[in-house]
Every structure is written in structure tokens, then in C-alpha cells.
Amino acid sequence: MNSPLNRHTNILDFALSSLLRRKSKNLSLLVVYTLIVFVIASLIFFVQALKHEAAQTLAEAPDLVVQRMIAGRHDLIPATYGEQISAIRGVRSVTPRLWGYYYDQVFGANYTLLVPENGVVEPGSIMIGAGVARNQRIKIDDMLTLKTSRNAPLLLTVQGIYPSSSELISSDLIVLSAEDFQEMFHLPPGQFTDLAVTVANPREQVTVATKIAELFPDTRPILKSEMLRTYDSLFEWRGGMMVVILAVAVLSFIIFAWDKATGLSAEERKEIGILKSIGWETSDVLQLKFWEGIVISLTAFLVGVVLAYGHVFFFSAALFEHALKGWSVIYPQFRLIPVVDAYQLTVLFFLTVLPYTAATIIPAWLAATVPPDAAMRS
Amino acid sequence: MIQHPAILALSIASLLTCFMLVYAAGYGTRILEKWDLQSGSELQLELERRTYLISVILSYTLVFQILSLFLYIFTADNLHSQFTGAMCAAGSLAVNSYGYPVLILKIINCLLAGVWLIVNHVDTRGYDYPLIKTKYGLLNILAPLILLEAVLQFAYFLNLKADVITSCCGSLFSTDKRSIGGEIAGLPSGPMQQAFFGIMALTVVIGVVFYLTGKGGGIFSLFSSLTFVVAAASLVSFICLYFYELPSHHCPFCILQKEYGYVGYALYATLLGGAISGLGVGSLIPFSSHPSLSRVIPAIQRRLTLVTLVLYLLFTLIVTWRMLSTSFTLG
């Protein structure tokens with residue numbers, strides 16, 4: 001019966017019963033602790049899910065986008081550039097793309113207008129994102145009126161609405177035919193918004209981009225990996241900023257925990273005194289405190305993580321989506337795909353449990369080294 | 001500096017660890033100077049009470065230290081997408097000159113921390129604080145190393161600059177282009193395989209002999225450390241290749257990724273655990289004649305030997321299983 005494991009389970013048993021005996025004190029600590037874990041966990045899960053979403057979206061993006069720059073501003077690119085680029089060795093295909101933005105004065109919203117590569121829409125009809133449909137209150141077969149650059153109305157029939165599963169990218173989208181696009185914006189002939197380039201061998205992307213930059217010094221080739229990296233660091237920067245802001249909250253929690261741990265009641269001191277006088281050693285009392293800490297930390301950690309999971313993946317992080325997502329008139333309503341891995345949990349552990357543990361070591365020792373007679377007399 | 005939650009977590013952990021270690025080392029020095037078990041002075045009683053605090057602080061700190069090694073590699077791996085040319089942790093660590101020194105220091109500190117925890121455990125088993133001076137002497141070696149690690153780690157994170165698209169110019173091609181593909185030159189695989197399996201077999205034999213007869217503990221400890229070094233080199237030289245099924249990819253970090261079933265964690269954990277226990281056996285030898293420990297130490301040494309043997313065998317088993325089960329061969 002004296003095996004070390006038995007000793008630990010007995011001490012754990014005692015720790016649980018002593019925690020339950022001081023319900024109100026421990027409960028308040030547990031609530032605050034859980035809240036801290038919940039907030040930071042929500043943040044980490046949310047950022048990770050957005051990064052995942054961006055990576056998924058960009059997986060379909062072209063290897064290389066070539067934009068023309070004039071005086072540091074994005075300009076239209078002539079189709080002749082595309083012909084010369086497709087002659088570069090290693091380039092598989094060059095697709096000129098037409099897209100742009102349209103500001104709707106009536107509804108005060110910005111739409112993204114896009115011409116698809118494979119002509120899924122007939123002239124006169126459009127496909128729209130769910131956000132546009134909500135904003136304009138229209139459904140399939142309704143008409144949508146856009147104002148062209150020459151101030152003439154352009155009537156278009158809604159042929160389809162993109163499913164809400166793709167809302168993160170399609171919310172503000174209007175897909176229209178090249179003819180209608182031309183009608184809308186009156187682009188000079190043979191000019192496109194930019195060029196999408198695919199490269200046969202992924203390892204040659206950088207070389208191809210360098211060649212394009214040399215051939216056309218007025219263009220800027222953007223690699224898919226660069227876009228991905230920019231999104232990643234943007235989301236991480238926002239997440240990091242929030243963590244820095246939350247550091248204040250963590251700090252106040254630590255002070256709270258420290259205060260709770262040092263403020264031993266007379267009853268607790270007496271209890272430790274009795275334990276020591278019946279033969280508990282200082283190391284046993286320390287172990288008792290250790291198990292108490294583990295129970296509180298684990299409970300708070302698990303409950304906080306589960307709540308955060310629900311908050312982020314079922315309620316789309318309603319509490320701080322505005323800080324992290326940005327805002328717009330047509331805002332996509334979307335459910336994030338759950339991505340939680342050991343890495344995020346470890347980071348969370350380091351950000352919450354570690355400071356708590358550090359804050360409670362000294363109080364635990366102070367409690368454990370009380371001389372038994374003094375403790376009982378007090 | 002990249003404001004990544006994991007970087008903040010690691011920095012906070014380092015800061016806390018350093019703070020606690022400096023506090024502990026301060027008292028450790030006082031204990032080294034003033035400790036006198038025969039005396040009943042107030043100072044001695046106070047120091048005796050402090051030893052509990054320091055033991056607890058260090059146990060927590062060193063466990064965090066060991067966890068932070070893994071978090072560091074995790075983070076470096078996670079950051080690789082931010083740098084041009086970086087494919088995995090190998091690339092992110094090479095972004096500036098601090099990355100690898102921090103990793104090496106973390107491994108050394110991890111080993112030392114493990115040994116310290118073993119010595120501490122043995123010390124608490126004796127009634128008269130038998131190893132107290134050794135313990136705090138070791139702490140005075142460990143503390144500066146961990147401080148140095150924290151400083152270097154901070155320098156590493158501070159000098160990380162993500163290569164992102166800026167509004168003025170999209171391409172980064174004109175700026176300096178690093179081409180670190182995680183290619184670390186490996187040692188020739190044939191001789192390394194022989195060396196790896198040879199030294200592993202030797203260590204196991206010596207370990208079994210020590211376990212059964214209690215003789216040759218020093219040699220076992222030495223061999224288990226040697227095995228650690230050889231196995232780490234083999235990991236780069238040939239073990240990885242079997243996991244990647246690529247004859248040219250020597251990166252020791254990619255095996256930590258999901259694509260390879262996180263097998264790297266099992267490999268690193270068994271290797272580190274084995275090395276720590278093996279070193280622990282050796283570090284206890286000088287004290288085995290101590291009166292209050294003469295009965296405790298042999299039992300602990302045997303248990304540690306068993307741990308080393310099991311972990312090293314597990315490591316070898318994973319490696320051998322992969323070498324046999326994959327269709328990839330090194331010609």
C-alpha cells in the first residue's frame with residue numbers, strides 16, 4: 001500500500017476534498033482562470049482558423065500574378081505582355097484577367113466584379129455572392145441594375161447565387177461576362193487588369209518571376225507564396241497584438257492568483273499545522289499544494305478550451321470578430337473550419353498555466369513551511 | 001520582430017524561468033557558503049526551509065525548460081512560411097545567426113536540467129541533505145547557460161523579419177535571396193548505419209550487464225551519451241532519408257511535421273529521455289558510497305538504466321521498422 005503512486009493518489013484525494021471544502025474561494029479563482037484561458041484560446045484558435053482558410057483559398061490561386069505599375073500605381077496591362085511572357089521557358093500558361101471594384105451608391109457597398117476564365121455566365125446574366133444577395137435583397141431571376149462608367153444603367157439577370165459555404169471569398173462577388181464588363185468600364189481594347197501565370201515546375205517560379213521583372217521593368221510579379229506569407233503575417237500580427245493587449249489581463253489574473261494563494265485563512269493555516277503535527281512533512285504539504293494547483297489549472301484549461309472551441313467554431317468568435325476580421329458593409333457570414341492542434345494548445349499552456357504556476361510557487365512554500373505549533377496557536 | 005503568439009509565449013516563459021533561476025541561484029550560492037548541518041543557528045534553519053522552495057522552483061522551471069525545447073522547434077517550423085526559401089524549421093533557424101546556437105543551448109540545458117532533477121530526486125531520498133552542495137554547484141553551472149539561452153533567444157526573435165509584400169514593390173527578387181532548403185550535409189550513410197547499430201548494441205549490452213550485476217555504470221553512462229551523439233548524427237545522415245524516401249533530404253525537422261505522422265516527436269523524446277537517464281546513472285556514481293544513500297542509489301541507477309534501455313530500444317525499433325517497411329533503399 002505504500003507505493004509512491006498510492007501516496008500520490010491519497011494526496012490528490014485530500015487535495016480534492018480540501019478544494020471542495022473552500023468552494024467559494026476556489027470557484028472565484030476558477031472562474032477568472034477559465035475566462036483568461038477562454039479569451040486567449042479563442043484568439044489563438046481564431047487566428048489559426050483564418051490562416052487555414054487563407055491557405056485553402058490561395059491553394060487555387062495562380063502561381064504568379066503579373067500587374068503593371070505606372071507611377072507606383074496598379075495599371076491596366078496590354079495583352080502583348082502576355083504573349084511575350086508565355087514565350088518564357090517554363091511558363092505553362094498565361095491568362096489575362098478582368099476584374100475590378102464597383103461602388104454601389106444606393107446601398108453604400110463595394111462589390112468585386114470578376115470575369116470568369118471559362119465563360120460560365122452568358123452576356124446579360126450574372127452570378128452573385130450571398131452577401132450581395134442579402135445587401136440588395138434579390139434572388140435568382142431578379143434583375144440587378146449597375147451604373148456604367150458613362151452613367152448609363154446596365155440591367156443584369158441573376159442566374160445563380162454562390163452557396164454560403166464559399167462566403168468567405170464570394171460574399172461581395174458579382175461574376176459577369178467579358179462583354180458586360182467592357183460595357184461597364186469601357187476598357188481600352190487589348191487591355192486587361194492583370195495576368196495570371198502558371199509555371200510548370202514550382203521550383204522555377206522565382207526564376208520565371210525574375211525574368212518577367214527583367215523583361216518588363218514596369219510590372220510587378222507577385223508569387224502565390226508571397227501572398228500566403230503576407231496573409232499569415234497579417235493574421236499573426238493581429239493575433240499577437242491582441243495577446244499583447246490581453247497581457248494586462250493575464251497580469252491582473254496573476255496578481256489575483258497570488259493574492260488568493262497568499263491570503264491563507266486562519267482555518268487553512270490551522271489545517272496545515274494539524275497535518276504537520278500528525279506527521280506530514282513539508283514536502284508532503286508542497287505536494288498537496290502542487291496537486292491543488294494541477295486540479296485548478298487543468299479544470300480551467302479544459303473548460304476554457306472547450307468554451308473557446310464553441311465560441312470560435314460555432315459562434316464565429318462573436319466577441320472579437322471586429323477586432324480581428326476588419327469590417328465592411330457586405331460582411332461575409334461564415335463558419336470557420338475547426339483546426340486545433342497540439343501546437344496551439346502548447347502555446348496556450350505557456351501563456352496561461354505557466355504564469356499561474358509561477359505565481360503560486362512562493363505562496364505554496366510559505367504555507368508549507370509554517371511551523372506547526374505557531375499555525376495551530378494562531 | 002514578428003508578433004506571433006508563440007514567440008510571446010516563449011519569451012514570457014524564458015523571462016519567468018530566468019527570474020526564478022536567478023532567485024534560486026542566489027539562495028543556492030548562500031547555501032553553498034553557509035550550509036552547516038551541525039549548526040542549529042537561525043540562518044541554518046532558514047536555509048533548510050529555503051531548500052524546499054528552491055527545489056520546487058527548479059522542478060517547475062526545469063520541466064518548463066524541457067517543454068520549451070519542443071515549443072521552440074514547433075515555432076521555428078510554424079514560422080517557415082514567413083521567409084523566402086525556408087521550407088521548414090531548418091530554414092527559419094538559419095534566418096539569422098542566433099537560431100541554431102539557441103537550439104543547441106536548449107538541448108544542452110534540457111540534458112543538464114534532466115540530470116539536475118535526478119540528482120534532486122536522490123537528494124530528497126537521503127535524510128541528511130547528502131547532495132545539497134553538488135546540487136547547488138550544478139545549479140550555478142546551469143543558471144548562466146539558461147540566462148544565455150534566454151538572451152540569444154530574444155536576439156533571435158528580435159532579428160526575425162518576415163519577407164512580406166510591401167506596397168512599394170511586390171517582388172523580393174532584387175533583395176538578397178537566401179537559398180536554405182533545409183539541406184544539411186550529412187555524413188556518409190553506410191558507415192553511419194554501422195556506427196549507429198554498433199554503438200546501440202554495445203550500449204544495450206553494457207546496460208544489461210550493469211542492470212544485472214551493478215558493474216560498469218560509468219562505462220554505461222559514457223556509452224549512452226555517445227549513443228545520443230551518434231544517433232543524432234545518424235538522424236541527419238540516414239534515418240531521415242528513410243522517412244522522407246528521398247536520398248537528398250537531410251533535414252532533421254521535417255519529420256516533426258504532420259506529413260510524417262509526427263514521428264519526429266517520438267524519436268526526439270525517446271532519444272532525449274534515454275540520454276538524460278543515461279547521464280543520470282553516471283552523475284550518481286560518485287555518491288554511491290555516501291552513508292545515507294548507499295541503499296538508495298543502486299536502486300535508482302537500475303531504474304534509470306532500465307529507462308534508458310527501453311527508450312533507446314524504442315528509438316531503434318521505430319528506425320528499424322521504418323527502414324524495413326519502406327520500399328526506399330539507399331544503394
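The model is predicted. Chain A is divided into two domains, and chain B is likewise divided into two domains. Chain B contains nine helices and zero strands, whereas chain A includes an open sheet of six strands.

**Domains of chain A**

- Domain 1 of chain A comprises residues 4-58 together with residues 230-377, and domain 2 covers residues 64-222.
- The centres of these two domains of chain A, taken over C-alpha atoms, are separated by 48 Å.

**The six-stranded sheet of chain A**

- The strands of this open sheet follow the order 5-6-10-7-9-8, and their pairing is mixed.
- Strand 5 (99-104) and strand 8 (143-147) of chain A form the edges, each pairing on one side only.
- From one strand to the next, the twist averages 35°.
- Strand 7 (residues 125-128) and strand 10 (residues 173-176) of chain A pair in the antiparallel sense, over three bridges.
- Within this part of the sheet, A:Met127 has A:Val175, in strand 10 of chain A, as its bridge partner.
- Helix 6 (residues 178-185) of chain A lies across several strands, including strand 5, strand 6 (109-114) and strand 10.

**Two residues with positive phi**

- A:Asp141 has a positive phi of about 75°, although it is not a glycine.
- A:Asp141 belongs to the loop between helix 4 (130-136) and strand 8 of chain A.
- A:Asp141 is classed as exposed because 10 other C-beta atoms lie within 10 Å, and the cut-off for exposed is 12 or fewer.
- B:Tyr129 is not a glycine either, yet has a positive phi of about 45°.
- B:Tyr129 counts as partly exposed, with 17 other C-beta atoms within 10 Å.

**Overall form of chain B**

- From the N terminus on, the elements of chain B run α-α-α-α-α-α-α-α-α.
- Along the principal axes, the C-alpha atoms of chain B fill a box of roughly 75 × 50 × 25 Å.
- Chain B has 331 residues, of which 45% count as buried.
- Among the contacts in chain B with a separation of 6 or more, 75% involve residues 24 or more positions apart.

**Domains of chain B**

- Domain 1 of chain B spans residues 5-158, and domain 2 spans residues 189-325.
- Their centres, taken over C-alpha atoms, are 23 Å apart.
- The contact between these domains involves 18 residues of domain 1 and 20 residues of domain 2 of chain B.
- On the domain 1 side, helix 2, helix 3 (89-93) and helix 4 of chain B are the elements that give two or more residues.
- Helix 4 of chain B gives the most to this side, with eight residues.
- The residues on the domain 1 side divide into 13 nonpolar, two polar and three charged.

**Contact between chains A and B**

- Chain A contributes 39 residues to the contact, and chain B contributes 33 residues.
- On the side of chain B, helix 1 (5-34) and helix 2 (42-79) each supply at least two residues.
- The largest share of that side, ten residues, comes from helix 2 of chain B.
- By class, the side of chain B that touches chain A has 23 nonpolar, eight polar and two charged residues.

Key: Residues numbered from 1 in each chain as written. Chains lettered and ligands numbered in written order. Predicted model: local features only at pLDDT ≥ 70, side-chain atom pairs only at ≥ 80, totals over all residues. Pairing = 2+ DSSP bridges. Helix = DSSP H or I, 4+ residues; strand = E, 2+ residues; numbered from the N terminus. Axes fitted to C-alpha atoms, helices over the stretch in contact; angles between N-to-C directions. Contact = placed C-beta atoms within 7 Å. Buried ≥ 20, exposed ≤ 12 C-beta atoms within 10 Å, placed from the backbone. Nonpolar A, V, L, I, M, F, W, Y, C, P; charged D, E, K, R; others polar. Domains from an automatic or database assignment.
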